[in-house]
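Biologist: I'd like to learn how to read a model like this one. Can we go through it piece by piece?

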Amino acid sequence: MTERFLRDPMSLAGLVIIILVFFLTMASPLLAPHDPLPVSLPERLQPAGEDYPLGTDPLGRCLLSRLLFGGRMTLQYSLSVLAIILLIGIPVGLAAGYLGGLLDSILMRVADIVLAFPNLVLALVVTGILGPGLINIMIALALVSWVQYARVVRGMVLSLKEKEFVLAARAAGTPPAGIIWQHLLPNVLPPVAVMATLNLGILVLSISTLSFLGLGAQPPLPEWGAMINEARNYIVSEPHLMLYPGTAIAVTVLGFNLLGDGLRDVLDPQGYTRLRAYGLGRSKQPAFAVGQKNN
Amino acid sequence: MLKYLAKRLLTLIPVLLGVTFITFILMDIAPGDPAEIMLSRRDIEITPENMERAREALGLGEPLPVRYLNWLQGAVRGNLGTSFTSGEPVTREIVSRLPATIELAAGGLVVMFALALPLGTAAALLKGTFGDHLGRLAALVGASIPSFYLGLLLITYIAVPNEWIPVMGRGNGLISLLLPSLTLGFGLAATYARLLRANLLEVLQLDFIRSARSRGLKEAVVIGNHALRNALIPVVTLLGITMGHLLGGTVVVERIFAWPGVGRLAVDAIFDRNYPVIQGYVLLMGVAFVFLNLLIDLSYRFLDPRVKYEEGEGKAS
């Protein structure tokens with residue numbers, strides 16, 4: 001299994017990119033040559049040189065340091081949102097799928113409402129109402145994303161619970177909590193891991209998009225999307241100000257996409273997550289999703 | 001058919017009720033007094049009397065469910081309240097901005113198909129070759145570039161060196177639409193080219209393709225008339241979901257290119273905490289998204305005559 005994953009050059013490239021990005025950004029306090037926050041106008045727009053490896057921004061702050069700290073901010077918030085989504089989505093999906101009843105009906109109605117709206121629009125509106133800020137973005141994104149996981153997990157549980165090994169466990173008198181914990185959860189996790197990987201790419205995009213719009217990270221905090229927004233007035237004279245953070249976002253998202261694509265071949269042969277590859281997914285699968293193996 | 005339509009439209013109602021009610025609750029618990037926000041946006045002095053009058057005008061004295069029902073009563077008649085900032089009716093503001101957004105979304109769709117059709121077909125025909133692998137990588141890269149970054153790149157490296165390409169607003173007719181549509185359609189084109197490739201490969205293995213070939217039809221006819229048409233059906237299914245990305249994407253694109261559409265109205269409203277406009281935008285997006293999906297479901301019939309409408313769901317038999 002691992003061997004197959006490692007033999008695909010694209011999955012491997014994804015893994016390398018993600019490890020590299022994580023290392024560089026998480027170690028930013030050690031790696032960054034300067035403090036990313038203090039403004040120093042005499043040093044504004046310095047070219048790349050010994051002191052400032054990538055030069056400085058219009059407020060005289062070290063671009064490399066802001067890039068590293070900014071990535072840490074983007075990734076930390078993406079991971080936190082993901083953790084919240086998983087902690088809500090998986091248990092709700094498991095319980096709704098296995099126990100059915102009122103919880104299931106409520107979940108499906110809520111899902112209908114949330115999925116009737118474009119995700120970004122909904123996140124935008126929720127942040128708009130709560131007010132700008134990274135914490136509010138987190139709440140907004142978690143609020144609109146957990147439903148997808150709950151729906152997919154529920155769908156998997158519905159098909160799993162008729163399988164022999166679950167029926168056998170039930171016949172042996174295992175209580176529902178035991179069945180969910182020992183038999184359903186382990187089978188649900190691999191496809192969810194694929195979804196989560198691909199979702200991290202989408203979360204990075206969403207957080208940087210909302211920050212670019214001015215709704216996320218507030219100045220002077222460095223964040224990739226916010227940095228591009230700050231660079232907007234300089235795109236012609238100083239294009240590198242947007243090129244660095246923009247490329248950083250694209251490479252990171254590409255890494256998650258490559259990694260998720262590769263993981264899917266290994267962890268999700270049934271294709272529960274196939275449509276989600278590009279964030280297009282819904283639990284109702286069109287017929288073509290089934291045999292789409294030959295790529 | 002009519003029964004199906006009626007049923008679909010009926011399911012729309014609880015969804016819209018649900019989401020507008022949720023936004024109402026969120027606005028209620030959000031910090032800040034709407035009356036105060038409205039006064040400050042209109043540069044009216046905040047005195048107890050003015051506050052009292054604003055509260056009354058907004059109906060804030062009533063409990064939340066009553067306020068929601070009042071809003072709903074107005075909404076059914078097309079009255080979504082007045083904007084905090086301009087004092088104009090929200091409905092009029094949204095309607096006047098709508099053509100620009102529809103134009104942009106249509107442009108994005110055109111770009112998407114114009115890129116995805118040839119690229120997807122080529123990738124399927126070149127399956128397994130170097131070009132195909134390059135295509136997969138290109139699609140993944142295309143889906144990884146944030147649209148706001150792509151928009152700025154297009155401005156910097158295409159519009160600025162070529163002065164005849166406008167970058168702001170929609171004052172110059174179709175040519176103003178060029179870069180915004182490209183920004184909006186590019187990322188989706190990458191995804192769709194891959195989907196089309198996968199579908200085409202599957203269809204090309206079916207019996208009717210072999211029989212078409214054995215009848216001596218030209219390969220171009222086999223691909224163009226027989227295979228492509230069938231490969232497009234599942235692509236259309238996905239269009240419904242893509243509409244969401246398109247509608248969301250317009251917000252970003254409109255901001256970058258100063259495009260005077262609904263998305264920009266919404267972002268401005270969000271910064272101004274202009275609640276009536278935000279609420280109107282939510283309603284519009286919900287209605288638009290559901291109607292577009294309905295339209296797409298209906299269009300299967302033209303692509304695939306086997307589709308029957310029953311039990312409220314379009315099923316390919």
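Modeller: Let's start with one residue: Asp43(B) sits in the loop between helix H2 (34-41) and helix H3 (48-58) of chain B. Helices (H or I, at least four residues) and strands (E, at least two) are DSSP runs, numbered from the N terminus. This is a predicted model, where local features need pLDDT of at least 70, side-chain atom pairs count only at pLDDT 80 or more, and totals for chains, interfaces and linings use all residues. Residues are numbered from 1 along each chain as its sequence is written, while chains are lettered from A and ligands numbered from 1 in the order in which they are written.

Biologist: Is Asp43(B) buried or exposed, and why?

Modeller: A residue is buried if 20 or more other C-beta atoms lie within 10 Å of its own, exposed if 12 or fewer, and partly exposed in between, with C-beta atoms placed from the backbone. Asp43(B) counts as exposed because it has 6 C-beta neighbours inside 10 Å. Look also at Thr85(B): 42 residues separate it from Asp43(B) along the chain, yet their C-alpha atoms are 9.2 Å apart.

Biologist: What does chain B look like overall, and which elements does it have?

Modeller: You'll find twelve helices and two strands in chain B.

Biologist: How do I check a helix for length and bending?

Modeller: The expected span is 1.5 Å times one less than the number of residues. Take helix H7 (residues 134-160) of chain A: its 27 residues should span 39 Å, and the end C-alpha atoms are 38 Å apart, so the two agree. For a bend, we take the angle between axes fitted to the seven residues ending at a residue and the seven starting there. H7(A) bends by about 30° at Ser145(A). As 20 of its 27 residues are buried, H7(A) is largely enclosed by the rest of the structure.

Biologist: And how far does H11(A) reach?

Modeller: H11(A) runs 39 Å from its first C-alpha to its last over 28 residues, close to the expected 40 Å. This helix is largely enclosed by the rest of the structure too, because 22 of the 28 residues are buried.

Biologist: Where is the confidence in chain B lowest, and where is it highest?

Modeller: pLDDT is the predictor's confidence in each residue, from 0 to 100. In chain B the lowest mean is 41, in strand S2 (residues 313-315), and the highest is 91, in helix H7 (residues 147-159) of chain B. The pLDDT is below 50 over residues 310-317 of chain B. Where pLDDT is low, the predicted coordinates should not be read in detail. Chain B as a whole has a mean pLDDT of 82, with 95% of its residues at 70 or more.

Biologist: What about chain A?

Modeller: Chain A also averages 82, and 91% of its residues score at least 70. Over residues 275-295 of chain A, pLDDT stays under 50.

Definitions and conventions:
Two residues are in contact if their C-beta atoms, placed from the backbone, lie within 7 Å.
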